[in-house]
Amino acid sequence: MNVYDFKVLSQKGEEVSLEQYRGKVLLIVNTATHCGFTPQYDGLEALYKKYNEQGFELLDFPCNQFAFQAREDDEGINKVCSLKFGTTFPRFKKIKVNGKDAIPLYNFLKEQTGGAKIKWNFTKFLIDREGNVLERFAPSVTPEEIDSKIAEVL
């Protein structure tokens with residue numbers, strides 16, 4: 001099993017197969033628009049622009065499970081991210097990453113990296129071109145600190 005076996009929901013609620021990202025290096029991130037780590041959107045967008053043409057995709061999953069820091073609806077989140085941070089990478093429907101309502105993708109990501117709960121917004125998972133989970137990064141690890149790892153996998 002790998003990440004390509006999962007389906008997620010687009011911001012509009014349409015089912016999206018992660019199979020469409022087969023062959024790409026992925027960074028999957030649970031985000032929030034009102035978090036101390038929210039300025040990381042700038043660094044995430046810089047990574048996306050730097051590596052997208054080389055086969056890199058960044059998948060943004062807003063999450064409101066941590067201190068209600070993604071309180072807008074999906075459209076509102078998209079507006080904040082697009083207008084305030086200029087993000088252009090794919091963003092999906094707001095999700096839960098822990099507990100009984102966690103989406104299957106996140107249960108898999110956690111299982112592949114030791115099983116620990118997601119502790120906060122901006123936890124990042126690096127996925128290779130075969131859909132294997134390579135590494136989990138804590139929210140405090142900045143996009144700039146991950147840059148060389150992405151370059152290595154590409």
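Which unit do β3, helix α1 and β4 make? Select residues 25-31, 40-51 and 56-62: β3, α1 and β4 make a right-handed β-α-β unit. Right-handed means that, with the strands pointing away from the viewer, the path from the first strand over the helix to the second runs clockwise. Helices (H or I, at least four residues) and strands (E, at least two) are DSSP runs, numbered from the N terminus.

The model is predicted: local features need pLDDT of at least 70, side-chain atom pairs count only at pLDDT 80 or more, and totals for chains, interfaces and linings use all residues. Residues are numbered from 1 along each chain as its sequence is written, and side-chain values use heavy atoms, with hydrogens and water left out.

**Strand β3**

Stay on β3, where seven of seven residues are buried (buried is under 20% relative accessible area, exposed over 50%, partly exposed in between; 1.4 Å probe, protein chains only). Val25, Leu27, Val29 and Thr31 point one way, while Leu26, Ile28 and Asn30 point the other way.

β4 runs parallel to β3, joined by seven bridges, and Val25 stands opposite Phe56. Strand β5 (residues 124-127) pairs with β3 in the antiparallel sense over four bridges; here Ile28 stands opposite Phe125.

**Helix α4**

Select residues 143-153. The buried residues of α4 are Pro143, Ile146, Asp147 and Ile150. They lie on the same side of α4 because they cover an arc of only 135° around the axis, taken from the directions from the helix axis to the C-beta atoms. These buried residues pack against β3, α1, β4, β5 and β6 (133-137). Exposed Ser148 and Glu152 are on the face turned away from the buried side.

**Aromatic pairs**

The structure holds ten aromatic pairs. Rings of Phe, Tyr and Trp (its six-membered ring) pair if their centres lie within 6.5 Å; planes under 30 degrees apart count as stacked, over 60 as edge-to-face and the rest as tilted.

Select Phe6 and Phe108: this pair is tilted, at 5.1 Å centre to centre and 40° between the planes. Phe6 lies in the segment before β1 and Phe108 in helix α3 (residues 104-112), so the pair ties together parts 102 residues apart in sequence. Both residues are buried.

Go next to Tyr41 and Phe122, whose ring centres are 5.4 Å apart with planes at 85°, so the pair is edge-to-face. Tyr41 lies in α1 and Phe122 in the loop between α3 and β5. Tyr41 is buried at 0% relative accessibility, and Phe122 is buried at 0%. To finish, select Tyr41, Tyr48, Phe85, Phe89 and Phe122, which ring pairs link into a cluster.

Key
Pairing = 2+ DSSP bridges. Contact = heavy atoms within 4.5 Å.
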